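Please look over the sequence and the structure shown below before reading on. The report then takes up a few parts of the structure in turn.

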Amino acid sequence: MRFLILSDIHANVTALEASLTEAAGKWDKAVCLGDIVGYGPDPNEVIDRIRGLEAVTIRGNHDKVGSGLTSADDFNPVARAAAMWTREHLRPENREYLEKLPLGPLSVDGFSVVHGAMRDEDEYVVAPAQALESLIEAPSRVTFFGHTHLQVGFSLGPDNAISSLRLRPANDAKLTKLELKAGTNYLLNPGSVGQPRDGDPRAAFAIADLPQNEVEFWRVPYEIEAVQGRMEKAGLPEPLILRLTFGR
Ligand code: ZN
């Protein structure tokens, strides 16, 4: 069974469609690590598509705030403005879908998924020391996480040494392959489909074939200007529009 791993789509249906086109025929079941909405101009279109894929999905912090499940008090002003816009524009059935999304960690066919970290869905895991807790506590050898919008990973080997993994393909390449080693636990971030922050503006996702001990990390270009045009029309904050150009 090959899994398509999507995270942090952030209401960017153009990036999602480009990812699905590139991944077509390469996977059997889709998984989504949360933050379906927030920041972007297409919350309903993205939710409709994810529901249509019957993706196994957990909630992210933007799904909680966008649906009204939690307040936007912890968000910066730009994120809060986008969350309020999202609340106003969600169709009732899509708001309900977001409200009912399960909280991670969730076990999926031999691996685990979390939005932020194993113990805290809202924690940003960027450093090896932060990854250690999730690596030790994970009930499976592979855990996928999102939230940071960085296509990175961490591993904990049989010698108890923790390593940072560079997973992002070079700018002129579209994928890197990670071979999973025996006796090693992995915490892997597929990157963000709709708002990358690792300096590469291309949409990011992963395809996992764990029985074959292989995970692919993909980047695909999409029509950024088309999304930016819809964001401008919607009156979404300018910093959110600009950052898509740079992938920051
Ligand atoms: Zn996010």
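## The zinc site

In this predicted model, the four donor atoms around the zinc ion subtend angles of 86 to 178 degrees, and the arrangement is therefore irregular. For four donors to count as tetrahedral, all angles would have to lie between 85 and 135 degrees. As a point of reference, the ideal angle for four tetrahedral donors at a metal is 109.5 degrees.

The residues that coordinate the zinc ion are D8 and D35, each through OD, together with H10 and H149, each through NE2, at 2.1 to 2.3 Å. Along the chain, these donors follow the spacing D-x1-H-x24-D-x113-H. D8 belongs to the loop between β1 (3-6) and α1 (13-23), while H149 belongs to the loop between β6 (142-144) and β7 (152-156), so this pair ties together parts that lie 141 residues apart in sequence. Both D8 and H149 are buried.

## The sheet and its helix

Six strands make up an open sheet with mixed pairing, and their order is β3-β2-β1-β11-β12-β9. At its edges are β3 (56-57) and β9 (175-179), each of which pairs on one side only. Strand β2 (residues 29-32) runs parallel to β3 and is joined to it by two bridges; C32 has T57 in β3 as its bridge partner.

Helix α1 packs on this sheet, where it touches β1, β11 (203-209) and β12 (214-220), and the direction of α1 makes about 35 degrees with that of β11.

## Around H147

H147 is located in the loop between β6 and β7, and it counts as buried because its relative accessibility is 2%. Its side chain is joined to that of H115 by a polar contact of 3.2 Å. When residues up to four places away in sequence are not counted, the residues that H147 touches include the zinc ligand D8, as well as S7, N61, H115 and R197. A117 is 30 residues from H147 in sequence, and the two are 8.9 Å apart in space, C-alpha to C-alpha.

## Around R202

Is R202 buried or exposed? With a relative accessible area of 13%, R202 is buried, and its place is in the loop between β10 (185-188) and β11.

The side chain of R202 makes a polar contact of 2.9 Å with the side chain of D200, and it also reaches the backbone oxygen of N171 at 3.5 Å. Leaving aside neighbours within four places in sequence, R202 is in contact with several residues, among them P169, N171, K174, P196 and R219.

Notes: Residues numbered from 1 in each chain as written. Predicted model: local features only at pLDDT ≥ 70, side-chain atom pairs only at ≥ 80, totals over all residues. Heavy atoms only, no water. Donors = N, O, S within 2.8 Å, 3.2 Å for Na, K, Ca; no water. Tetrahedral: all angles 85-135°; square planar, octahedral: opposite > 155°, others 65-115°. Helix = DSSP H or I, 4+ residues; strand = E, 2+ residues; numbered from the N terminus. Buried < 20%, exposed > 50% of the residue type's maximum accessible area, 1.4 Å probe, protein only. Pairing = 2+ DSSP bridges. Contact = heavy atoms within 4.5 Å. Axes fitted to C-alpha atoms, helices over the stretch in contact; angles between N-to-C directions. Polar contact = N/O pair within 3.5 Å; in protein donor to acceptor, adjacent residues only side chain to side chain.
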